[in-house]
Amino acid sequence: MPSKTSRVRRKPARSRAARKPRKPVDAAVVPEGFYRDLVWNLRNGVVAITRDGRVAVMNEIAYRVLGLKPRQSDIGRPFSEVLKEVPDVYRIVAGAFDISHLPNRAELRLRRTNKVIGYTLSHVRDSRGRVAGATLFFKDLTRVEQLEERERLRDRLAALGEMAAAIAHEVKNPLAGIEVMAGILKRQLLESQDAQTILADIIKEAKMANAIVLEVLEFVRPIRLQVENIAVSDVVRDAISAAETHATKGTVQVRVSLPEDLPPIQGDPHQLRQIFTNLVTNAFEAMTGGGEVEIIAAALAGEEPAPGVDNAGPMVQIAVTDNGPGVPPEVMDRIFSPFFTTKPQGSGLGLAIVRKIVDAHDGRIDVGTRPGGGTLFRVTLPVKTQHELFG
Ligand SMILES: Nc1ncnc2c1ncn2[C@@H]1O[C@H](COP(=O)(O)OP(=O)(O)O)[C@@H](O)[C@H]1O
Ligand SMILES: [Mg+2]
């Protein structure tokens, strides 16, 4: 506005030292509290500290991603106290005044929440250019990371898959041949007990090798989901019967809790059945004949859609627990890798297939230890899938 400008110009020039700090030009336009609301509602995390080490700003996303509980009283408190439980972030902020080249676009995995953040650190300068504080600006990259990992896995499988599928096909026919011919011999050598035992073993081994070949084929084959509206309860029940034919159930008690009102989900029934067949089979195998397997399904209302938060809509969660020996902590991060097995006759593909199917349904799987011993696998599936195809 001309009038405003001329008024400013008419002011007597002050000495440099006496000049007042710059006043926000838009103070008249912007309602009070606007900046606070703006920062609070940003889709990125913001933590700002003053030069004397107190928290000046910390927004909702920052609290959420760092896994801290929002407290009004944090503002003004030393950041060393507020960020005490997230030492990795504390260290970054603490270095803000010591380094001249602040990181722009660095990444960090938070040990507390296991989230990956991408962050920028910048100085807050006053009108005279002096450093008055520092800001950490960050984004939750966990979802992006998962997608990238999924992408990498898919690429690897595409190359590996072609080769494995070719080999598996080549091996399948001779295996079938061995089984058939051993069967013929077995019928011809009825009188020899030794031959009967050996041939029975040959047939058994050939069958087992064939099962592994089929599993490899299942694993490397790109998933084409035939999506239907399905009842999770039916899938789980079928899976339990299938698992009983794959592994020795012995005296294992199977308990299921499948609420009547579970929402139907969109998914491929055959593939989903495979998830639970593999999990229950593993549970039976882990308990070598005695124990308890529990399968509990529940509907989750879903979180409010928010940036950086995984699947937001309603979900169904199925927990498969056993009271076997549990997964030893040192192998925990390898059990989903293809061909990782601790069993003499294992293929190590069961959980790799499970993860592939869960991914294709846009779901999540996590594994933990059941209190009191045993293993807990938890599959979370969105009621609606975003991807209809995978691979
Ligand atoms: N319920 C469970 N309890 C204990 N260990 C398990 C369980 N499920 C899986 N595991 C571990 O994970 C490994 C990989 O499982 P999986 O991929 O199904 O292959 P496989 O069953 O052929 O070994 C198993 O060999 C076992 O060590
Ligand atoms: Mg298995």
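This is a predicted model: local features need pLDDT of at least 70, side-chain atom pairs count only at pLDDT 80 or more; totals for chains, interfaces and linings use all residues.
Residues are numbered from 1 along each chain as its sequence is written, and chains are lettered from A and ligands numbered from 1 in the order in which they are written.

Me: What makes up the secondary structure of the chain?
Reply: The chain comes to 10 helices and 12 strands. These are DSSP runs numbered from the N terminus: helices are H or I with at least four residues, strands are E with at least two.

Me: How do you describe the way H9 and H10 cross?
Reply: Two packed helices are described by the angle between their axes and the distance between the axes. For H9 (residues 269-287) and H10 (residues 350-360), the axes come within 9 Å and cross at roughly 145°. Axes are lines fitted to C-alpha atoms, for helices over the stretch in contact, and angles run from 0 to 180 degrees between N-to-C directions.

Me: Which residues of H9 and H10 meet?
Reply: Among them are Gln271, Leu272 and Asn282 in H9, and Gly350, Leu351 and Val358 in H10. Contact means that the C-beta atoms, placed from the backbone, lie within 7 Å. By class, this contact has eight nonpolar, six polar and no charged residues. Here Ala, Val, Leu, Ile, Met, Phe, Trp, Tyr, Cys and Pro count as nonpolar, Asp, Glu, Lys and Arg as charged, and the others, Gly among them, as polar.

Me: Why do S2 and S3 stand at the edges of their sheet?
Reply: The open sheet has five strands in the order S2-S1-S5-S4-S3, with antiparallel pairing. S2 (55-58) and S3 (104-109) each have a single partner strand, so one side of each is left without a neighbour in the sheet.

Me: How do you know that S1 and S2 pair?
Reply: Two strands pair if DSSP finds at least two bridges between them. Three bridges join S1 (residues 45-50) to S2, so the pair passes. In one of these strands, S2, Val55 is the bridge partner of Ile49.

Me: Which residues come nearest to ligand 1?
Reply: Of the 21 residues around ligand 1, Asn282, Ala286, Thr341, Gly346 and Gly350 come nearest. A residue is near a molecule if its C-beta atom, placed from the backbone, lies within 6 Å of it. H9 gives the most to this shell, with four residues.

Note on methods: Two residues are in contact if their C-beta atoms, placed from the backbone, lie within 7 Å.
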